[in-house]
Amino acid sequence: MKAINEIDELDTPSDLKEKGREKVAESLNRLVADAFALYVKTKNFHWHMSGKHFRDYHLLLDEHADQIFATIDPLAERVRKIGGNTIRSIAHIAQLQRVKDNDEDFVSAHDMLKDLEGENRKMAKQMREAHKIADDANDVATASLLEVYIDETERRTWFLFETTRD
């Protein structure tokens, strides 16, 4: 009986050039890892929010976490659609993530919101960089997907910015 190469089992056909697909998959996997890390960080702050604006901030961060979480599966599936392999474990996420963890016992509401504003701002920048990689690979579908997520991320950044103004 002929042995089947495991890589061949996951080989998804694509008319995009291999080199371009590899670069797109790599950039998307970084975004998947960042989205997981940003989701957990946002939920952490949601759970540990306190202060006079607790209800508003608690609900805002829950909405943001849901929106971030909703990006993970489409981004990971896009990697598979173009023939790549995606995130396999928490350790893999930790290797790829650019979002900084926050394990402090207490963080003020203002500092939580400023931290998340900065992380979302970086995420939008990294999405634009991934968009350029997708454009260079002629991967219109990935670019289109990222355009929606860039807009959502910029909206989160805007809301977080506005909540920290006096």
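Helices (H or I, at least four residues) and strands (E, at least two) are taken here as DSSP runs, numbered from the N terminus. With that in hand, the place of aspartate 105 can be given as the loop between helix 4 (90-96) and helix 5 (109-136).

The model you are looking at is predicted: local features need pLDDT of at least 70, side-chain atom pairs count only at pLDDT 80 or more, and totals for chains, interfaces and linings use all residues. Residues are numbered from 1 along each chain as its sequence is written, and side-chain values use heavy atoms, with hydrogens and water left out.

**The overall picture**

The chain has six helices and zero strands, and its elements run α-α-α-α-α-α from the N terminus on. Taken along the principal axes, a box of roughly 65 × 35 × 20 Å holds the C-alpha atoms of the chain. Of the 166 residues, 42% count as buried. Buried means under 20% relative accessible area, exposed means over 50%, and partly exposed is in between (1.4 Å probe, protein chains only).

**The nonpolar core**

A nonpolar core is a set of buried Ala, Val, Leu, Ile, Met, Phe, Trp, Tyr and Cys residues joined through side-chain atoms within 4.5 Å. The largest one here has 40 residues, and those that touch the most other members are Leu28, Leu31, Met49, Leu61, Leu75, Met127 and Leu146. At least two residues of this core come from each of helix 2 (18-48), helix 3 (54-81), helix 4, helix 5 and helix 6 (140-163). Helix 2 gives the most, with ten residues.

**Salt bridges**

Let us turn to the charged pairs. A salt bridge is a side-chain nitrogen of Lys or Arg within 4 Å of a carboxyl oxygen of Asp or Glu, and a search of the whole structure finds 14 of them.

| Salt bridge | Closest N and O atoms |
|---|---|
| Aspartate 62 and lysine 43 | 2.6 Å |
| Glutamate 117 and lysine 114 | 3.1 Å |
| Arginine 121 and glutamate 117 | 2.4 Å |

The pair of aspartate 62 and lysine 43 links distant parts of the chain, with aspartate 62 in helix 3 and lysine 43 in helix 2, 19 residues apart. Aspartate 62 is partly exposed, at a relative accessible area of 24%, whereas lysine 43 counts as buried at 11% relative accessibility.

Glutamate 117 and lysine 114 are separated by about one helical turn, because they are three residues apart in helix 5. Arginine 121 and glutamate 117 are four residues apart in helix 5, so about one helical turn separates this pair too. Glutamate 117 counts as buried, with 5% relative accessibility. Elsewhere, salt bridges that share partners join Lys41, Asp115, Glu119 and Lys122 into one network.

**A negative patch on the surface**

Back to aspartate 105, which is exposed, with a relative accessible area of 78%. Together with Asp101, Asp103 and Glu104, Asp105 forms a negative surface patch. Patches are made of residues with over 30% relative accessible area and no salt bridge; like charges are joined within 9 Å, and nonpolar side chains (Val, Leu, Ile, Met, Phe, Trp, Tyr) within 5 Å. Lys and Arg count as positive and Asp and Glu as negative, while His and the chain ends are not counted. The place of a charge is taken as NZ of Lys, CZ of Arg, CG of Asp or CD of Glu. Accessible areas come from the Shrake-Rupley method with a 1.4 Å probe, and for residues only the protein chains shown count as cover.

**Some single residues**

Most residues other than glycine have a negative phi. Asparagine 138 has a positive phi of about 60 degrees although it is not a glycine. Asparagine 138 sits in the loop between helix 5 and helix 6 and is exposed, with a relative accessible area of 56%.

Isoleucine 82, in the loop between helix 3 and helix 4, is buried, with a relative accessible area of 3%. Its C-alpha atom is separated by 9.0 Å from that of aspartate 11, 71 residues apart along the chain.

Arginine 155 lies in helix 6 and is partly exposed, with a relative accessible area of 40%. Arginine 155 and lysine 81 are 74 residues apart in sequence, and their C-alpha atoms are 28 Å apart in space.
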